[in-house]
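Dear colleague,

I am handing over the structure that we spoke about, and I would be glad if you could look through it with the notes below beside you.

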Amino acid sequence: MRDTELAGLVCARICHDLASPLGAVANGAEMMRELGGADCSAELAMVEQSARRAVALIQFHRLAFGSHGDPGLQIGRGDVRDRIVPVLTNPRVSLIWNAGEHGEMPLATGRLVGLMLLAARSMLGPSGTLTVLLPVEDTLPVAVMADGPRAAPTEDQREWLRGTNAGLPDSRHVEFALLPAAAAAIGARLELIEDSGRLALRALPG
């Protein structure tokens, strides 16, 4: 078993074990806020919001970094979108999902989409638009666009995407080091196209 596969299984286990208690915290805070009157409603709303944010992060990280050991597992396209939107968007960053809302895709493809979006979000800068393109009837090619005034990769990021950077990234950019293997797992190769204010990260049939 490769180190990346084992690390993915560990991540999936941690995310699975944390999701239930955090969900219970969020639901409990919501119930207490509804039943407890105005005295502590603001504080409980903050607890609920933070717990739900943590649950969203865990669900997304399980998709992007986790592994389930079974290459035949499928995941709904709408489920992939719903795990991505709460984590990667904010008032300054929007996401356009052109990958279908119905049907399923292999879990390995969903993982690749999550990693590609993390990389695109990192290269985007503080504001802009992310776009996901995926054929409705197939799993390749996958394309993620990053459009923003400061969208640009670093040289290290370029090398990780090419699979030529032997160094380890810091934890904030670990997706770049994982992407070549995630693409190879579904028979794809990565390509980064750079234009002024626009990046296109694509996974093409290998």
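The notes below go from the whole chain to a few local features.

This is a predicted model, in which local features need pLDDT of at least 70 and side-chain atom pairs count only at pLDDT 80 or more, while totals for chains, interfaces and linings use all residues. Residues are numbered from 1 along each chain as its sequence is written, and side-chain values use heavy atoms, with hydrogens and water left out.

The secondary structure of the protein chain comes to 6 helices and 7 strands, where helices (H or I, at least four residues) and strands (E, at least two) are DSSP runs numbered from the N terminus. Along the sequence these elements follow the pattern α-α-β-α-β-β-α-β-β-α-α-β-β. The radius of gyration of the protein chain, taken over C-alpha atoms, is 18 Å, which agrees with the value near 17 Å that a compact globule of 206 residues would have; the globule rule is 2.2 Å times the number of residues to the power 0.38. Along the principal axes, the C-alpha atoms fill a box of roughly 60 × 40 × 35 Å. Buried residues (under 20% relative accessible area with a 1.4 Å probe, protein chains only) make up 40% of the 206 residues. Of the contacts (heavy atoms within 4.5 Å) between residues at least 6 apart in sequence, 64% join residues at least 24 apart.

The crossing is right-handed, that is, the near helix is turned clockwise from the far one by less than a right angle. Gln157, Trp160 and Leu161 in α5 meet Phe176, Ala177, Leu179 and Pro180 in α6, and these residues divide into 6 nonpolar, 1 polar and no charged.

Two further sites deserve a look. Glu48 lies in helix α2 (residues 41–65) and counts as buried because its relative accessibility is 11%; leaving aside residues up to four places away in sequence, Glu48 touches Ala26, Ala29, Glu30 and Arg33. Leu140 and Pro141 are joined by a cis peptide bond with omega about 0 degrees, and Pro141 is found in the loop between β4 (128–133) and β5 (142–147).

How values were computed
Nonpolar A, V, L, I, M, F, W, Y, C, P; charged D, E, K, R; others polar. Buried < 20%, exposed > 50% of the residue type's maximum accessible area, 1.4 Å probe, protein only.
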